[in-house]
Amino acid sequence: MILGTSILGTLSNTDFDNHGATRAGENRARVGDFFQFTFGGQVQFGGLGVTATGDLQQYTLSGRDASAPSLTVNIGRWKALGAYALFGGQLMLGGGFRAATLGITQRGGDNNGTLLTMTGIGPEVGALLMPDGVPWRLGATLRSTVSGGPFGSDKSTIDASGVRRAGDIILPTQVVLPWEAEVGVAYQLGPRPLNPPWPNPHDQEGPVRDRIAHDRAARALEYEAELARTSEDLRPAVRRHHAREEEALRDLEDARLDAEDKRLYRVRRARYNNWPRERILLLASVLFTGPSNDVVSVEGFLDQRHEQVGRSLSLTPRLGIEAEPLPDRLRARVGTYLEPSRYDDGVARQHFTFGGDVKLFPFDLWGLLGQTTWRVAFYVDVAPRYTNGGIGIGTWH
């Protein structure tokens, strides 16, 4: 689980859509109060894992003069995914959906309040191959196109030319995310295993559960046989005696199962803690982003420029390294990726990223999460005309 926030560079100096150093930003002074918030969580039930993540960006867009109403623009990207482990955890197959939302709220004027809401949703599938005992992993993901129009509240107006407006500000007709395909590989150096065999806790507890179920079924048969041998007038007393005896036996069996569950957990925990921490993890991936027709970027909308983007397929290669310079205390990452420009006249730019995790202390969140060790995560992403950073808090593994 992780919860965090990002801090983007000053909007007037940040080319966050990689338009180029000579972009026309004459309206950028109208944009302010940028805020970005990210969060995520994961739950696992045996071989099934479920995760949800969200990324919310907020801007304000002022009118052309002080008397004109201003807009608050909220852009959200959401994911909900599930995956199941096959072949003892050596192959993960997953799927779910991703969604894009756009909310525009007007402050001032006749339509004060929520002005326009848009929502789009699309499926996503993926797979991860991680054979037991080998130092590598292979993964692939395919995300469909997401597009959606007005949903719910829509107080905008459409002029004679068919253009959606809020005062002097032109609004979008739909929200779009292009399709994406990504393939990646990880390779680990050092004594720490990357793909250790995964013992399913439910399988480990299976013999004890089976024995308890067998004993309860056998007692039920003995009880039925005893009732058959008992006269009708004595059966109520036999039933009461059996109920008290069965309740006591089941309490003992539940306590035995609980003790075995805790013992197996301690065994798994000790096995994990005894692995060496020394490692260097190498990662590489390529992201393919599909073309879109007649769309503008977020930056184009904020600058109120009808400049089409994403009319051709683009590739984003990524490289990264992760290690623990302070074993079980500090995890560090460095990486780089080449960001293509989705503009017709744009050029790619190189990004350099730095980040890490710092181990904190165990805290059970007042008994809600069990004994959990927490971490502080941080990252920095720098490129020409771009600076981004963030912090978060999550669980340490």
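**View 1. Phe87 and its exposed position in a loop.** With a relative accessible area of 62%, Phe87 is exposed (the classes are buried under 20% relative accessible area, exposed over 50% and partly exposed in between, with a 1.4 Å probe and protein chains only). This is a predicted model, in which local features need pLDDT of at least 70 and side-chain atom pairs pLDDT 80 or more, while totals for chains, interfaces and linings use all residues. Residues are numbered from 1 along each chain as its sequence is written, and side-chain values use heavy atoms, leaving out hydrogens and water. Phe87 sits in the loop between E4 and E5 (helices, H or I with at least four residues, and strands, E with at least two, are DSSP runs numbered from the N terminus). Its backbone is worth a look: phi of Phe87 is near 55 degrees, a positive value in a residue other than glycine. Most residues other than glycine have a negative phi.

**View 2. Asp328, another loop residue with a positive phi.** Look between strand E16 (314-326) and strand E17 (330-339) to find the loop that holds Asp328. Phi is about 60 degrees here, although Asp328 is not a glycine. Asp328 counts as partly exposed, at 27% relative accessibility.

**View 3. The largest nonpolar core, with 23 residues.** Which residues of this core touch the most other members? They are Tyr59, Leu71, Leu102, Ile104, Leu115, Leu171 and Phe301. (A nonpolar core is a set of buried Ala, Val, Leu, Ile, Met, Phe, Trp, Tyr and Cys residues joined through side-chain atoms within 4.5 Å.) At least two residues of the core come from each of strand E3 (48-61), strand E4 (70-86), strand E5 (91-107), strand E6 (113-129), strand E13 (175-177) and helix H3 (298-303).

**View 4. Helices H1 and H2, packed together.** Two packed helices are described by the angle between their axes and the distance between the axes. For helix H1 (residues 201-229) and helix H2 (residues 235-273), the angle is about 170 degrees and the axes are 10 Å apart. H1 is therefore roughly antiparallel to H2 (angles under 35 degrees count as roughly parallel, over 145 as roughly antiparallel, 65 to 115 as roughly perpendicular and the rest as oblique). The axes are lines fitted to C-alpha atoms, for helices over the stretch in contact, and the angles run from 0 to 180 degrees between N-to-C directions. Where H1 meets H2, the contact residues comprise ten nonpolar, two polar and 16 charged. (Nonpolar covers Ala, Val, Leu, Ile, Met, Phe, Trp, Tyr, Cys and Pro; charged covers Asp, Glu, Lys and Arg; the others, Gly among them, are polar.)

**View 5. Tyr272 and Trp275, an edge-to-face pair.** The structure holds one aromatic pair. The ring centres of Tyr272 and Trp275 are 5.6 Å apart and the planes stand at 65 degrees, so the pair is edge-to-face (rings of Phe, Tyr and Trp, the last by its six-membered ring, pair if their centres lie within 6.5 Å; planes under 30 degrees apart count as stacked, over 60 as edge-to-face and the rest as tilted). Tyr272 is partly exposed, with a relative accessible area of 24%.

**View 6. Val183 and Leu138, on strands E14 and E7.** Val183 belongs to strand E14 (residues 180-189), and Leu138 to strand E7 (residues 136-143). These two residues are 45 apart along the chain, with 7.7 Å between their C-alpha atoms. Val183 is partly exposed at 44% relative accessibility, and Leu138 is partly exposed at 41%. Leaving out residues up to four places away in sequence, Val183 touches Gly139, Ala140, Ala284, Ser285 and Val286 (contact means heavy atoms within 4.5 Å). With the same exclusion, Leu138 touches Ala127, Leu128, Leu129, Gly184 and Val185.

**View 7. Thr289 in strand E15 (residues 280-289).** Buried or exposed? Thr289 is buried, with a relative accessible area of 8%. Beyond its neighbours within four places in sequence, the contacts of Thr289 include Pro178, Trp179, Glu180, Ser312, Leu313, Ser314 and Arg342.

**View 8. Gly20, a buried loop residue.** Gly20 is found between strand E1 (2-8) and strand E2 (31-45), where its relative accessible area is 15%. How many residues separate Gly20 and Gly346 in sequence? The count is 326, yet the two are 5.9 Å apart in space, C-alpha to C-alpha.
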